[in-house]
Structures are given as C-alpha cells and as structure tokens.
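Please look at how two protein chains can come together, and follow the account below with the model at hand.

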2 protein chains.
Amino acid sequence: MQRTDFGKLACSIARTLDVIGEPWSPLILRDVWAGVRRFDQLQADLGISRKVLTERLNHLVDHGVLERRPYDQRPRHEYHLTQKGAELVDLLMVMAGWGDRWLAGEAGPPVLYRHHACGEISGVDLRCAHCGRPMHAGDVDLLPGPGAAV
Amino acid sequence: MQRTDFGKLACSIARTLDVIGEPWSPLILRDVWAGVRRFDQLQADLGISRKVLTERLNHLVDHGVLERRPYDQRPRHEYHLTQKGAELVDLLMVMAGWGDRWLAGEAGPPVLYRHHACGEISGVDLRCAHCGRPMHAGDVDLLPGPGAAV
DNA sequence: CAATTTGAGTTCCCTCAGGGAACTCCGAAT
DNA sequence: ATTCGGAGTTCCCTGAGGGAACTCAAATTG
C-alpha cells in the first residue's frame, strides 16, 4: 500500500478524508453545489485532468455523495448531490468561512452567502447541538466513544 | 507546475485546501489538538513517513497554523496551534461530525465531544451568524463578493 | 447518406510526490 | 569517551496526477 489508506482508521476525520480528501474532490463538490453538473463543464471550470476527474466522480458516486442522473435519451448525465453530499457542503461552507477570514486579504471574500431565512449576507456559526451556545475547538473535551479502537 | 496550485484561485475553499489540503495535514492538526505535539510522537501515532511529516509541519508553520515552541535548552520543540490553527480545528469538528453521522456504522463514533459550557456529550450545529437559525447548504444563495475574480 | 459535432470518458507517456528505511547532527546523561 | 534521543535528511522506488490525443455512440448538418 503506497498511498496510505485512511478509511480503516478509527477516526471520523480520517474516514471523511477517505471520501473527500483526495485532491480536487472538495472543489468538485463545490462546483456541483454551485450548479456545474456535467463532465465537460467541470473539466473546463476546474482545469482538472479528465482522467482524474473521471476517477474522482466515480469515487464520489461510489460513496453515495453524488448521484449520476440522466438528462437525455442518449447516455448523457449530470451529477447531483445526495443528502449525504449536501451535508458535506456544510463542511465546505465552514471551510470557506475560514478561508474568508484568514486568507482573503484586502480584496475581501470572493463569494458571499445570503441566508434564505433572514435574507442577510452572513456566515455560519458553530453552536452546541445540545445547549445552543458557541462550540469551538477549545470548548470541548475529547472522550473515547463506543467505536473507539481497542 | 505539475500538481496544481490551489492557492491562487479566487475561492476560499481552494485557498483553505492550499493550507491543509495535502494528505495528512488535517490528521496532524487533529493530533496536535489532542495533545500529540512532538515530531516522533506524531510520526509514531500517524505512521506517516518522516520526510512527509517534516514537510507538512514546515508548511503548517509557514502558514501560521502551527507554531514551534521550544521546551528545553537544547533544540527541542513542540508544535502548538495558533489562533488561526485553532479555528481550523472547528472545521475538523464539523468534518468529524459528518464522519460520525455517515461513516461510523454499527460501532458508533470513535470519539465523543463534551461541551464545557453545558457538560453534555454533543456535536456542532451550523447556525446563521446573523439570525441564529439553522444554516445549511440548501439555505443559502451564492453571490459574487468583493474579492471575486474579474 | 456522409461528415461533423458533442458529451463522456480512455489511453499513453512523463514527471514528481509519498513510502520506507537508513543515515546525520547535536547537546545531555552515564 | 560513549551512548542516547529528539528531530530531521537523504536515497531509492513506485504510483498518482498532468497533458494531450484517441475512442465511441447518438444526433445534427449539408
């Protein structure tokens, strides 16, 4: 095994990386989310090699993150996010939030997010699912869970 | 340029990937967060090649995500998260949340998070920073921002 | 009907990044 | 004076990513 396989580790971060950790995968999801759904569009938009794009799309479909949906009689299809994939996009929003805050520089963020519920330009905020108060890296203790390694 | 450089794209996701998108980087941050701070400990815990570990650590220090902190007279040091790095760990928590939900299987999540504020085992929840209501991938419109590409 | 176009991949070759293991450097402890 | 231990370096080998050209089948064009 040359390139290490993260999927087997007892770590949800590693397992998630096994699904979207390869180069380009998150950007493919971003594009599909933004409405770029076809092979050639994706290839052109990202500038990715066709070989790798094929590989990544198959991987994402195999893992149930994207689904192939025909849009014509002939064998033509588009890629769509599944529920599982849509929830990954939440992760991308958090990622974009960090990039906006720390890497955007003078020019400001390249993309803005308008929240349907309130209509405002905003960003995501991390809250505790239980008490609703802010929940950040320093606000938690880590404990071994049921699926912990022996 | 062989391996594509994401840092130059007008996309905060791509820019973030430029910092932590390489294989192992997120797992290194996870370990540092969890208290694994020294070179040999990291190498042993992750099973990463020493060469790549050196490379990743330098990259993360260069990008201000980790800092090298001496812990002895002799040239010995530990890696610590900076503020910038700690905010990346928020991202890792979201990533772990997705993995817990979709990939943990029968055994359940390998790690549990206890929130200091309420003392409960919990997970993160994404809220709109403006109105406080849930904010997910489907709840937003994307608009070009000030730093958008021409 | 023949020729072209179009979406969606395949195939081939080449370079470079990652894995593994051994080697180096240096101040401290024995 | 030798050994040790942390923190890298160096070397070689394999395989993944980039680029560009090739394939294939259905539809459209002339």
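Strand 6 (residues 140-144) of chain A runs antiparallel to strand 3 of chain B, and the two are joined over 5 bridges; two strands are said to pair if DSSP finds at least two bridges between them, while strands (E, at least two residues) and helices (H or I, at least four residues) are DSSP runs, numbered from the N terminus. This is a predicted model, in which local features need pLDDT of at least 70 and side-chain atom pairs count only at pLDDT 80 or more, whereas totals for chains, interfaces and linings use all residues. Residues are numbered from 1 along each chain as its sequence is written, and chains are lettered from A and ligands numbered from 1 in the order in which they are written.

Within this pairing, Pro144(A) has Val111(B) as its bridge partner in strand 3 of chain B, and Val140(A) stands opposite His115(B) in that strand. The pairing belongs to an open sheet of 3 strands with the order 6(A)-3(B)-4(B) and antiparallel pairing. Strand 6 of chain A and strand 4 (121-122) of chain B stand at its edges, each with a single partner strand, so one side of each has no neighbour in the sheet.

Strand 3 (residues 111-115) of chain A and strand 6 of chain B pair in the antiparallel sense over 5 bridges, and here Arg114(A) stands opposite Asp141(B).

The relation between the chains can also be stated as a rotation. When the copies are superposed by least squares on the C-alpha atoms of residues with pLDDT of at least 70 in both, a rotation of 180 degrees with 0.0 Å of shift along its axis places chain B on chain A, with an RMSD of 0.0 Å. That is the relation of a two-fold axis. Of the residues of chain B, Leu126(B) comes closest to the rotation axis, with its C-alpha at 2.6 Å.

Turning to the contact as a whole, 72 residues of chain B are in contact with 72 residues of chain A, where contact requires that the C-beta atoms of two residues, placed from the backbone, lie within 7 Å. The largest share of the side of chain B that touches chain A, 17 residues, comes from helix 5 of chain B. Because 100% of the interface residues of chain B are also interface residues in chain A, the copies meet through the same surface.

Helix 5 (residues 83-103) of chain A packs against helix 5 of chain B at an angle of about 180 degrees, with their axes 10 Å apart; axes are lines fitted to C-alpha atoms, for helices over the stretch in contact, and angles run from 0 to 180 degrees between N-to-C directions. The two helices are therefore roughly antiparallel to each other, a term for angles over 145 degrees. Among the residues that meet here are Leu88(A), Trp98(A) and Trp102(A) in helix 5 of chain A, and Leu88(B), Trp98(B) and Trp102(B) in helix 5 of chain B.

Methods:
Parallel < 35°, antiparallel > 145°, perpendicular 65-115°, else oblique.
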